[in-house]
Amino acid sequence: MKANVAAATDIGLVRDHNEDAYLVEDPLYVVADGMGGHLGGEVASATALETVGAVVADEGIEALADSVRRANKAVYDRQVGDAEVAGMGTTLTAVALQGSQLHVAHVGDSRAYLLRGGTLEMLTQDHSLVGEMMREGSLTEAQARVHPRRSTLTRALGIAGEVTVDTPEVPVQGGDRILLCSDGLSGMVEDPRLQEILRNEPDPERACAALIAEANANGGVDNITTVIVDLISEEGDNPAPVETGPAETEPSEPGLPSEERGWLRRLLKKK
Ligand code: MN
């Protein structure tokens with residue numbers, strides 16, 4: 001499988017700096033959305049990407065999930081040891097292509113999507129308060145979009161010494177288009193419109209630009225990051241299965257006491 005890749009990040013219209021970051025090191029593609037005042041957010045997303053990039057380069061795609069756990073530790077150790085970046089954290093959504101298999105490793109509310117045959121499907125679950133409420137059925141998507149705590153995360157890198165990483169595996173095929181994005185895109189542009197833009201603009205670089213323009217046209221209240229990976233079959237590729245499995249999640253750890261969860265959420269509240 002070959003990949004035609006484009007990536008872009010934009011500060012948006014409201015923030016005074018960009019705490020998002022991305023990594024494109026074929027066949028590894030990652031977005032991270034840092035948080036935690038002053039320098040913290042930028043340091044957190046950069047530290048996480050460096051760690052994941054280095055571990056996968058050294059140890060291969062098999063180490064993808066472990067690289068995210070090590071990125072968590074790297075951000076955590078830094079934020080507990082350095083008052084200037086205390087409390088920082090970051091989301092991280094990584095995909096790595098291995099033949100006709102897409103390995104995903106995900107923590108937080110950045111997203112991975114798959115466009116296949118013109119239909120957009122989300123490959124990740126948001127680890128956010130509103131994401132959990134929607135999955136429980138207590139909130140609609142429309143309510144989630146305007147919820148005052150829509151930026152509150154329930155899982156992120158750097159907040160504790162250990163983190164649970166979602167690791168869905170997705171069979172892919174030529175013609176598939178993968179989108180990674182931060183919530184500065186998905187929070188500003190609804191899925192049907194994302195699908196329309198991704199269907200209508202075949203060039204990945206122009207599609208990234210069109211997505212960012214749409215997020216900014218809708219207010220651009222957050223940093224916006226997009227990575228598009230277009231898959232092209234090569235001679236010798238095994239035919240890939242057509243169906244995509246449900247996102248699989250590692251068994252979650254026992255829940256924290258509710259007071260502690262509340263504390264975590266406050267800590268993780270993005271500005
Ligand atoms: Mn964001």
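**Notebook: metal site and salt bridges**

I began with R193, which is partly exposed at a relative accessible area of 31%. I am working from a predicted model here.

**R193 and its partner.** I looked for what R193 pairs with and found E196: the two side chains form a salt bridge, 3.1 Å from N to O. Both residues sit in helix α6 (residues 191–200), three residues apart, about one turn of the helix.

**Salt bridges overall.** How many salt bridges turn up in a search of the whole structure? I got 15.

**Helix α2.** Next I looked up D66 and R70, which make a salt bridge with their closest N and O atoms 3.0 Å apart. They are four residues apart in helix α2 (residues 64–81), so about one helical turn separates them. D66 comes out partly exposed at 31% relative accessibility, and R70 is partly exposed as well, with a relative accessible area of 34%. I then asked which residues are linked with them in a network of salt bridges. The network consists of E59, D66, R69 and R70.

**R116 and D176.** Then I turned to R116, whose side chain meets that of D176 in a salt bridge at 2.5 Å, N to O. R116 belongs to strand β7 (residues 111–116), while D176 is in the loop between β9 (169–171) and β10 (177–181), so this pair ties together parts that are 60 residues apart in sequence. Are these two buried or exposed? R116 and D176 are both buried.

**Manganese site.** Last, I went to the metal. Which residues supply the protein donors of the manganese ion? I found D33 (OD), D183 (OD) and D222 (OD), lying 2.1 to 2.2 Å from the ion. In sequence I wrote the spacing of the donor residues down as D-x149-D-x38-D. D33 lies in strand β3 (residues 28–35) and D183 in helix α5 (residues 183–186), so that pair ties together parts 150 residues apart in sequence. I also looked up the accessibility of these two donors. D33 is buried, at 2% relative accessibility, and D183 counts as buried too, at 13%.

Technical notes. Residues numbered from 1 in each chain as written. Predicted model: local features only at pLDDT ≥ 70, side-chain atom pairs only at ≥ 80, totals over all residues. Heavy atoms only, no water. Donors = N, O, S within 2.8 Å, 3.2 Å for Na, K, Ca; no water. Helix = DSSP H or I, 4+ residues; strand = E, 2+ residues; numbered from the N terminus. Buried < 20%, exposed > 50% of the residue type's maximum accessible area, 1.4 Å probe, protein only. Salt bridge = Lys/Arg side-chain N within 4 Å of Asp/Glu carboxyl O.
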